[in-house]
Amino acid sequence: MPDTQSKAPLGSLRGLWPFVRRHSGLFAAWLIALACSSAATLALPAAARVMIDQGFASGGGDAIDRAFLLLFGVALVLAFATAARFFFVSLLGERVVADLRAQLYSHLLVLDAGFHDRNRSGELVSRLTADAELLRGTVGSTMSVALRSVVTVTGSLVMLFVTSPRLAAFALVGIPLTVLPIVIGGRRLRKISRASQDRIADANALAAETLGAVRTVQAHAREPYERGRFSEALKSAIGTARKRIGAQAIVTAVAITLVFGAITVVLWLGAHDVVAGRMKAGVLLQFVFYAVIGGGSIGALAEVWNEVQRAAAGMGRISELLQEQPAITAPASPKALPSPVHGDLVFDDVTFHYPQRPDQAALTHFSLHVRPGETVALVGPSGAGKSTVFSLLLRFHDPESGVVRVDGDDIRTLDPAALRESVALVPQHPTIFAATARDNIRYGRLDADAAQLDTAVRNAHASDFIHALPEGLDTELGERGARLSGGQQQRIAIARALLKDAPILLLDEATSALDAQSERAVQQALETLMQGRTTIVIAHRLATVLKADRIVVMDHGRVMAEGTHEQLLAQGGLYAELAKLQFLD
Ligand SMILES: Nc1ncnc2c1ncn2[C@@H]1O[C@H](COP(=O)(O)OP(=O)(O)OP(=O)(O)O)[C@@H](O)[C@H]1O
């Protein structure tokens with residue numbers, strides 16, 4: 001994952017172009033509005049001059065009316081063109097960023113397990129939110145300000161020379177002298193202000209951590225301690241904020257002095273020209289007007305420069321993610337599984353290392369054949385490779401050597417989505433989404449009807465507790481199922497798998513202790529679920545191994561022994577030891 005550096009080649013913003021091009025109508029409308037508003041901005045000083053020199057000087061009522069009408073007309077064009085420009089470019093920004101987000105999200109969804117192991121989900125979310133937000137600002141305003149400023153600076157520079165070449169020569173020296181100190185001051189200000197934001201973030205992080213663990217804080221009676229730490233963090237934030245405010249005040253004073261000083265100098269020089277009859281008053285006004293517009297635009301350009309750089313960095317990070325290729329893909333012409341799938345599973349001499357742990361094999365020459373309808377229990381110490389068997393069967397990873405087959409086909413020749421459709425997974429810690437109980441169960445099959453849902457709930461032994469919830473199936477379960485007990489969460493997951501009704505079942509039995517009643521309900525639900533399916537279960541309970549057709553003992557990614565409970569107990573060794581520790585106490 002690229003780090004969060006704040007500078008990047010501006011070229012990375014090119015990656016935005018394909019997204020902008022999709023909305024070429026909006027883009028064109030924006031350019032037209034921009035041309036109109038820039039032309040009106042540049043015409044405004046000229047209109048003002050006409051108003052002064054022809055309107056006032058000529059003294060005629062008609063001329064005054066016409067001059068003021070012209071000025072108002074230009075202002076009107078400026079008003080509407082500016083509104084249109086704002087509208088089109090802001091909408092363009094929203095659309096572009098929505099497209100970018102949608103594409104990035106769908107890309108992240110298909111990237112393989114290896115990629116998601118390497119990258120923290122929090123960072124991916126921040127690409128999707130913070131970086132995309134930066135780009136919204138860029139397309140929706142920064143880009144607009146930058147282009148508009150370039151046009152205005154160029155235009156006003158040309159007009160300054162047209163208006164008065166002599167004064168323009170002075171201005172050419174004067175504008176940079178005025179703008180440069182302001183830009184330098186601004187840059188320093190940003191540095192201080194970033195430090196100030198960091199201090200505030202520190203204080204926020206502290207508060208978030210302690211409020212998230214408020215029970216621990218209270219249990220240790222550490223409220224005064226945490227209060228002290230938070231006050232310290234705030235004090236340090238105020239210290240840096242004070243520096244920022246002070247610097248900002250100085251920059252403001254300097255900026256006003258320089259800007260008005262420069263205007264005064266130009267007016268003073270111009271006033272002499274007017275008095276000497278070398279220049280009309282209106283021309284002087286027009287000149288000052290252009291100088292202010294041009295200078296303001298240079299300032300605006302300097303302002304947005306930093307933002308453009310930050311956006312380039314954001315786009316760089318997003319492009320990098322978009323270029324990630326999933327390691328697990330469907331072949332060009334995938335084979336179809338038989339319909340219905342029989343559920344004949346084969347691991348043939350499979351060796352696999354996780355990319356993150358190249359020195360240690362998760363599976364070594366692992367072979368296993370599970371026949372249709374058979375239930376095999378995997379037993380072994382922690383880290384033996386049991387969950388890895390599941391991951392390979394779901395094709396979250398591909399083995400380095402050996403083959404995994406479903407109904408005789410190498411699973412690399414199948415479409416991963418079709419393969420996964422035929423497998424139901426009930427993990428040890430099921431994922432409960434922050435949605436209603438109904439939506440959580442329907443995740444197994446989105447188009448299930450009410451009767452199918454009802455049957456699944458009943459067979460998962462979940463009716464009693466679901467109906468006791470305040471709104472039954474429509475009750476929101478809270479983030480990560482916070483409002484359910486462990487046994488209830490498992491039964492939701494079982495109902496989900498029942499609804500999916502896949503021929504192959506991968507079951508990771510929960511190790512956490514449930515109370516006797518909950519335990520019995522879960523066991524009964526699992527029995528219903530396993531009926532008529534090829535099942536591999538990572539077993540932690542005696543009841544489960546006793547019911548399995550076959551027990552496979554694993555250690556260090558290998559099969560150590562196979563047989564029934566009695567056979568394996570009689571053999572002694574690892575199984576007998578595990579049984580004594582796990583099942584028989
Ligand atoms: N995503 C991963 N990245 C790197 N190494 C992993 C990953 N998942 C598992 N491993 C390693 O692979 C080996 C096998 O792990 P696996 O999860 O298959 O064991 P397990 O038998 O299911 O263990 P447990 O019963 O504790 O869940 C372990 O050494 C583990 O540390």
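Here are a few notes on the sheet, a helix pair and the ligand shell in this predicted model.

1. Let's begin with the sheet. Six strands make up an open sheet with mixed pairing, in the order β6-β7-β8-β3-β9-β10. β6 (423–426) and β10 (558–563) are at the edges with a single partner strand each, so one side of each has no neighbour in the sheet. From one strand to the next, the twist averages 20°.

2. Within that sheet, have a look at strand β3 (residues 375–379), which pairs with strand β8 (residues 534–538) in the parallel sense over four bridges.

3. Next, the helices. Helix α15 (residues 486–500) packs against helix α16 (residues 516–530) at an angle of about 10°, and their axes are 10 Å apart. That angle makes α15 roughly parallel to α16, and the crossing of the two is left-handed.

4. The contact between these helices is worth a look too. On the α15 side are Gly487, Gln490, Arg491, Ile494, Ala497 and Leu498, which meet Ser518, Ala521, Val522, Ala525, Leu526 and Leu529 in α16. By class, the contact has eight nonpolar, three polar and one charged residues.

5. Finally, the ligand. It is surrounded by 14 residues, the closest being Tyr354, Ser382, Lys386, Ser387 and Thr388. Helix α10 (residues 386–393) gives the largest share of this shell, three residues. By class, the shell holds three nonpolar, eight polar and three charged residues.

Terms used. Residues numbered from 1 in each chain as written. Predicted model: local features only at pLDDT ≥ 70, side-chain atom pairs only at ≥ 80, totals over all residues. Near = placed C-beta within 6 Å. Nonpolar A, V, L, I, M, F, W, Y, C, P; charged D, E, K, R; others polar. Axes fitted to C-alpha atoms, helices over the stretch in contact; angles between N-to-C directions. Parallel < 35°, antiparallel > 145°, perpendicular 65-115°, else oblique. Left-handed = near helix turned anticlockwise from the far one by under 90°. Contact = placed C-beta atoms within 7 Å. Pairing = 2+ DSSP bridges.
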